[in-house]
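Let's take a friendly walk through a protein model together. Have a look at the sequence and the 3D view first, and then read on.

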Amino acid sequence: MADSTPLLSEPNSAEPETPLLHKHLPSLDSIIERCIGDFGWAQFLQAILVAFSWFFDAQQTFIAVFTDSVPTWHCTHLTELPNSCNSASNICQLPQNSWAWDRAKHTSIISEWGLECSSSLITGLPASAFFIGCLIGGLTLASLADTSLGRKNMLFLSCLIMSLSTFLTAFSTNIWMYSVLRFITGFARATIGTSALVLSTELVGNRWRGQVGVMGFFCFTLGFLSLPTIAYAHRAHSWRTLYFWTSIPTLLYSITVHFLVRESPRWLFVRGRKEDAIETLKYIAPVNSTTTKTALTSSFISSLSFEHETGNVDLYSAINALVKRKWAFRRLSAVMAIGCGIGMVYYGMPLALGSLEFDLYLGVTLNALSELPASLIALFFIDKMNRKTSILVYTVLSGFCSIMSVLKGIHPIWTGLQIGFELVSFFSACLAFNVLLLFTIELFPTCVRNSALSMVRQAVVLGGVFSPMLAAAGRDNGGFLSYGVFGVVIGVCGWFVVCLPETRGRGICDTMDEEEYKETAACNAVGDHV
């Protein structure tokens with residue numbers, strides 16, 4: 001295809017030739033490109049359906065911002081006596097009958113279970129348990145989508161288990177039961193974003209891979225944006241209603257995925273299931289691609305023995321391959337370090353809004369809305385963005401603005417600018433996150449792509465594990481232990497991008513050997529140039 005591509009283009013003339021072993025065989029990428037290079041309605045509907053899983057993923061990721069928040073309160077008796085109740089008082093040092101919550105106790109787990117005077121370790125435990133579940137789930141389930149289960153089944157099971165655990169969370173009776181169920185929810189949703197992103201991008205040709213990948217980011221934004229809407233509508237009701245109204249639609253969606261979504265043809269070919277792959281390609285290929293549909297069976301069966309032998313892997317061998325090969329381990333380590341820094345800001349910023357002098361519902365809404373322009377920029381300008389430069393600029397900007405957002409006491413003007421700095425920091429982290437996920441897809445071949453992307457997402461989650469406790473601790477000191485730490489971490493971690501190769505406009509590979517050949521040839525070309 002002659003067109004420039006938004007995310008992953010065909011290899012250009014400057015790229016090294018493929019090994020002799022492949023010269024007489026059409027590559028997997030070229031044959032699939034013949035069939036689904038053009039974007040048809042079947043592909044569009046499949047991509048939208050898969051990407052919508054991010055909507056429910058976002059709801060469970062940020063639902064604790066409302067269910068675990070510290071409610072506002074008021075004094076029942078106002079006096080000027082020492083140790084009497086006033087707006088600046090610490091409610092833990094006041095008599096129980098001198099203050100009361102502004103709303104009913106059941107609007108938050110803090111007020112319902114009397115946790116207002118508990119340590120940040122306790123109040124932040126449910127959210128941290130969720131992220132720990134995401135981390136363990138991602139590490140445990142990382143390679144299942146590349147090996148035995150596949151992208152579709154992994155997505156279906158993750159959404160199904162997440163919906164059931166979310167429903168049960170509404171019946172929690174104490175903080176410990178609540179934390180366990182949040183852990184299970186996190187464990188289940190760990191691979192949703194990864195499986196959805198990889199599956200949707202593997203259902204389309206190179207030209208449309210960037211736009212389809214960004215669809216998931218849009219759906220995540222919509223899911224995030226739906227939370228303050230639902231929470232505000234039920235602000236006088238129990239926090240349990242949030243879990244109920246987010247669990248039922250997720251259950252219905254998981255059933256829809258099981259019956260309507262097709263498996264990735266790339267994964268089917270790599271696993272040796274050629275007939276299933278051909279059937280999928282015929283189903284999703286644009287209606288005007290009759291020539292490729294007719295020629296597909298004979299050409300593909302006769303040309304993919306090498307791809308199957310190289311790409312068919314056992315459970316966890318994908319992760320082993322990433323660790324054993326130096327170039328793969330170097331790439332994986334760098335993107336995971338960047339992801340950890342981004343995750344601390346991305347997940348921590350909304351949770352720490354309670355430490356700012358700003359309305360919680362409006363603050364979360366503005367944070368959610370800031371993801372929309374981040375997705376639009378990624379959608380329309382991803383083909384013009386150098387991956388390395390973009391990530392470095394966005395992470396440094398996010399770190400700077402995060403630190404600036406806690407300097408409210410130096411001058412009165414900072415009070416008005418505080419939420420502005422917070423939004424710019426979160427917006428920059430969103431942009432860095434979007435580019436990083438797409439960058440990771442380009443850095444790794446098909447046989448380990450889902451595993452590599454999952455590991456990067458787990459690094460993002462690892463940053464999120466510490467965010468709830470830092471956010472809780474930051475409420476007592478104006479945000480210094482939250483936004484200050486967030487800014488330093490993301491600013492430092494962003495510099496690891498200098499260790500990675502630029503992938504803008506480069507084609508993707510399907511096997512580790514093919515990617516290694518490209519890496520070696522590129523290094524030799526640089527050496528010869530020097």
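The report below goes from the whole chain to its helices, its charged pairs, its rings and its surface.

**Before we start**

This is a predicted model, in which local features need pLDDT of at least 70 and side-chain atom pairs count only at pLDDT 80 or more, while totals for chains, interfaces and linings use all residues. Residues are numbered from 1 along each chain as its sequence is written, and side-chain values use heavy atoms, with hydrogens and water left out.

**The whole chain**

The protein chain has 25 helices and two strands. Helices (H or I, at least four residues) and strands (E, at least two) are DSSP runs, numbered from the N terminus. Of the 530 residues in the chain, 57% are buried. Here, buried means under 20% relative accessible area, exposed means over 50%, and partly exposed is in between (1.4 Å probe, protein chains only).

How much of the contact count comes from residues 24 or more positions apart? Among contacts with a separation of 6 or more, such residues account for 84%; a contact means heavy atoms within 4.5 Å. The accessible surface of the chain comes to about 21000 Å², and 66% of that belongs to carbon and sulfur atoms. Accessible areas come from the Shrake-Rupley method with a 1.4 Å probe, and for residues only the protein chains shown count as cover.

**An enclosed helix**

Find helix α11, residues 192-202, in the viewer. Eleven of its eleven residues are buried, so α11 is largely enclosed by the rest of the structure. Among these buried residues are Ile192, Gly193, Leu197 and Glu202.

**Charged pairs**

Side chains of opposite charge can pair when their charged atoms come close. A salt bridge is a side-chain nitrogen of Lys or Arg within 4 Å of a carboxyl oxygen of Asp or Glu, and a search of the whole structure finds four of them.

| Salt bridge | Closest N and O atoms |
|---|---|
| Aspartate 57 and arginine 189 | 2.6 Å |
| Arginine 457 and aspartate 57 | 3.6 Å |
| Arginine 240 and glutamate 112 | 2.6 Å |

The pair of arginine 240 in helix α13 and glutamate 112 in helix α6 (residues 109-112) links parts of the chain 128 residues apart. Glutamate 112 is partly exposed, with a relative accessible area of 26%.

Which residues are linked in a network of salt bridges? They are Asp57, Arg189 and Arg457. Aspartate 57 forms its salt bridge with arginine 189; aspartate 57 lies in helix α4 (residues 53-62) and arginine 189 in helix α10, so this pair ties together parts that are 132 residues apart in sequence. Aspartate 57 is buried, with a relative accessible area of 1%, and arginine 189 is buried too, with 1%. Arginine 457 lies in helix α23 (residues 446-474) and aspartate 57 in helix α4, so their pair ties together parts that are 400 residues apart in sequence. Arginine 457 is buried, with a relative accessible area of 6%.

Arginine 457 also lies over the face of tryptophan 54, at 5.4 Å from the ring centre. A charge sits over a ring if NZ of Lys or CZ of Arg is within 6 Å of the ring centre and within 35 degrees of the ring normal. Arginine 235 lies over the face of tyrosine 232, at 3.9 Å from the ring centre.

**Aromatic rings**

Rings of Phe, Tyr and Trp (its six-membered ring) pair if their centres lie within 6.5 Å; planes under 30 degrees apart count as stacked, over 60 as edge-to-face and the rest as tilted. The whole structure holds 28 aromatic pairs. One of them is tilted: phenylalanine 131 and tyrosine 347, with 4.8 Å centre to centre and 50° between the planes. Phenylalanine 131 sits in helix α8 (residues 125-141) and tyrosine 347 in helix α19 (residues 326-351), 216 residues apart. Phenylalanine 131 is buried at 2% relative accessible area, and tyrosine 347 is buried at 3%.

Tyrosine 178 and tyrosine 243 form an edge-to-face pair, with 6.0 Å centre to centre and 80° between the planes. Both tyrosine 178 and tyrosine 243 are buried. One aromatic cluster includes Trp54, Phe131 and Tyr347.

**A nonpolar patch**

Finally, turn to the surface. A nonpolar patch there includes Phe167, Trp245 and Ile255, and its residues have about 1000 Å² of accessible area together. Patches are made of residues with over 30% relative accessible area and no salt bridge: like charges are joined within 9 Å, nonpolar side chains (Val, Leu, Ile, Met, Phe, Trp, Tyr) within 5 Å. The largest share of this patch, seven residues, comes from α13. Isoleucine 255 is found in helix α13 and counts as partly exposed, at 40% relative accessibility.
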